[in-house]
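The sequence and the structure come first.

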Amino acid sequence: DIDPVAKGVVINMCYQLGLAGFSMFKKTIYYLETQQYEEAADEMLDSLWHKQTPTRSQELSEIIRSLA
């Protein structure tokens with residue numbers, strides 16, 4: 001169970017990365033589950049995904065950061 005807004009971000013990431021790709025974000029997933037949103041947002045930006053799609057990853061990480 002995670003915040004509904006965070007769940008929307010996860011769905012967006014899964015759509016882009018696929019379930020297998022998203023499952024590699026182990027720290028992000030842990031931080032979302034434990035409601036450590038600042039850390040989750042930082043982990044999202046510390047990734048190849050962020051380097052490849054900086055605009056989308058920045059937008060989604062800001063949504064997660066706003067939950068903190």
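In this predicted model, the buried residues of helix H2 pack against helix H1, helix H3 and helix H5. Those buried residues are Thr28, Tyr31 and Leu32. They lie on the same side of H2, because the arc they cover around the axis is only 100 degrees. Lys26, Lys27 and Glu33 are exposed on the other side of H2. Just after H2, Gln35 has a positive phi of about 55 degrees.

| Helix | Residues |
|---|---|
| H1 | 4-22 |
| H2 | 26-33 |
| H3 | 37-45 |
| H5 | 54-65 |

The largest nonpolar core has 15 residues, and those touching the most other members are Val9, Met13, Leu32, Met44, Trp49, Leu60 and Ile64. At least two residues of this core come from each of H1, H2, H3 and H5. The largest share, five residues, is given by H1. In soluble globular proteins, nonpolar side chains tend to be buried together.

Apart from neighbours within four places in sequence, Met44 is in contact with Val9, Met13, Phe25, Thr28, Trp49, His50, Leu60, Ser61 and Ile64.

Residues up to four places away in sequence aside, Ser61 touches Ala41, Met44 and Leu45.

Definitions and conventions: Residues are numbered from 1 along each chain as its sequence is written. This is a predicted model: local features need pLDDT of at least 70, side-chain atom pairs count only at pLDDT 80 or more; totals for chains, interfaces and linings use all residues. Side-chain values use heavy atoms; hydrogens and water are left out. Helices (H or I, at least four residues) and strands (E, at least two) are DSSP runs, numbered from the N terminus. Contact means heavy atoms within 4.5 Å. Buried means under 20% relative accessible area, exposed over 50%, partly exposed in between (1.4 Å probe, protein chains only). The arc is that of the directions from the helix axis to the C-beta atoms. A nonpolar core is a set of buried Ala, Val, Leu, Ile, Met, Phe, Trp, Tyr and Cys residues joined through side-chain atoms within 4.5 Å.
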